[in-house]
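Please find below a short note on the model under review.

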Amino acid sequence: MSADTVTDVFEEHRPVLMGVAYRMLGRVADAEDVVQDAWLRWSGADRGDVREPRGYLVRVTTRLAIDRLRQIRARSEAYVGPWLPEPYVTDFGDTVPDTAERAVLADSVSLAVLVVLESLSPLERAVFVLREAFAYPYADIAAMLDRGEAAVRQLAGRARRHVDERRPRYEVDPAQRRDLTERFLAAAAEGDLESLMSLLAPDVRLVGDSGGKARAPLRILETADKVGRFVIGAARKDGAGLSFRLLEVNGGVAALAVSGDKPDSVLQIDAADGVVRAVYIIRNPDKLRSLPAR
């Protein structure tokens with residue numbers, strides 16, 4: 001291959017590689033580092049025996065992500081407060097035309113699912129991502145991970161059971177989610193506790209991620225009363241000077257709050273039966289750097 005061809009082949013597969021790395025790590029910067037390392041491996045490799053570049057690149061990226069995940073976990077034990085994935089702007093556009101496939105991809109990158117994936121072992125997570133999000137055959141996954149196919153099937157089954165048991169069941173209705181998000185923001189901005197409470201399920205949960213670097217609850221809040229009062233109070237204290245715009249994050253609509261020219265926070269809800277079931281607020285500034293302020 002010429003140098004231009006080598007680069008073109010890699011760039012063609014970059015979105016897939018980023019998708020694998022982010023689902024493995026839940027962190028945009030780390031995923032970008034892994035993809036860059038994969039590029040270095042690809043550009044310096046003997047490609048004479050590479051029959052299928054995409055498979056080769058996914059294998060390299062997956063193995064690098066497993067190594068990076070082990071490093072991250074070793075240094076993340078002292079994280080302050082609840083942990084949420086770094087927000088990842090998703091826009092499948094025309095690249096994923098099939099509705100069912102779009103739903104699978106959106107679900108596999110959702111905040112709720114990525115939180116559950118944090119409790120899997122690195123190998124379980126790799127198998128789950130490759131199988132559930134990208135539909136790789138077990139034989140291909142086994143080859144990528146240098147494991148027997150039977151062992152990979154066991155890992156996949158264990159990971160699937162774990163995820164099914166722990167992830168919340170929310171409806172994926174983009175129109176309803178957008179409507180509830182807009183009404184949620186309006187009630188908070190107006191200080192209208194009654195209207196806000198009418199949007200919340202009785203057992204709603206609020207998860208705030210600040211990493212100890214911004215104001216956010218250090219524990220998960222539960223019940224409509226606690227969540228509603230916190231949101232109204234936070235809007236009064238921190239809402240002045242903030243502007244909001246909607247964008248697609250982790251497969252669903254979210255609100256990006258901007259202060260001046262810097263992202264302040266990301267708010268996303270999950271809904272079912274016409275009410276808000278979960279509220280996610282990400283305020284750790286380290287997790288907002290990749291988001292467009294405008």
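The numbered points follow.

1. This is a predicted model, in which local features need pLDDT of at least 70, side-chain atom pairs count only at pLDDT 80 or more, and totals for chains, interfaces and linings use all residues. Residues are numbered from 1 along each chain as its sequence is written, and side-chain values use heavy atoms, with hydrogens and water left out.

2. The chain holds eleven helices and six strands (DSSP runs numbered from the N terminus: H or I of at least four residues for helices, E of at least two for strands). Of its 294 residues, 49% are buried, that is, under 20% relative accessible area with a 1.4 Å probe, protein chains only.

3. Helix α6 (residues 122-133) and helix α8 (residues 149-166) have axes that come within 8 Å and cross at roughly 85°; axes are lines fitted to C-alpha atoms over the stretch in contact, and angles run from 0 to 180 degrees between N-to-C directions. α6 is therefore roughly perpendicular to α8 (65 to 115 degrees).

4. Contact here means heavy atoms within 4.5 Å. On the α6 side, Leu123, Glu124, Val127, Phe128 and Glu132 meet residues of α8 including Val152, Leu155 and Arg158.

5. Ile141 lies in helix α7 (residues 138-145) and counts as buried, because its relative accessibility is 0%. Leaving aside residues up to four places away in sequence, Ile141 touches Val127, Leu130, Arg131, Tyr136 and Val152.

Terms used. Parallel < 35°, antiparallel > 145°, perpendicular 65-115°, else oblique. Buried < 20%, exposed > 50% of the residue type's maximum accessible area, 1.4 Å probe, protein only.
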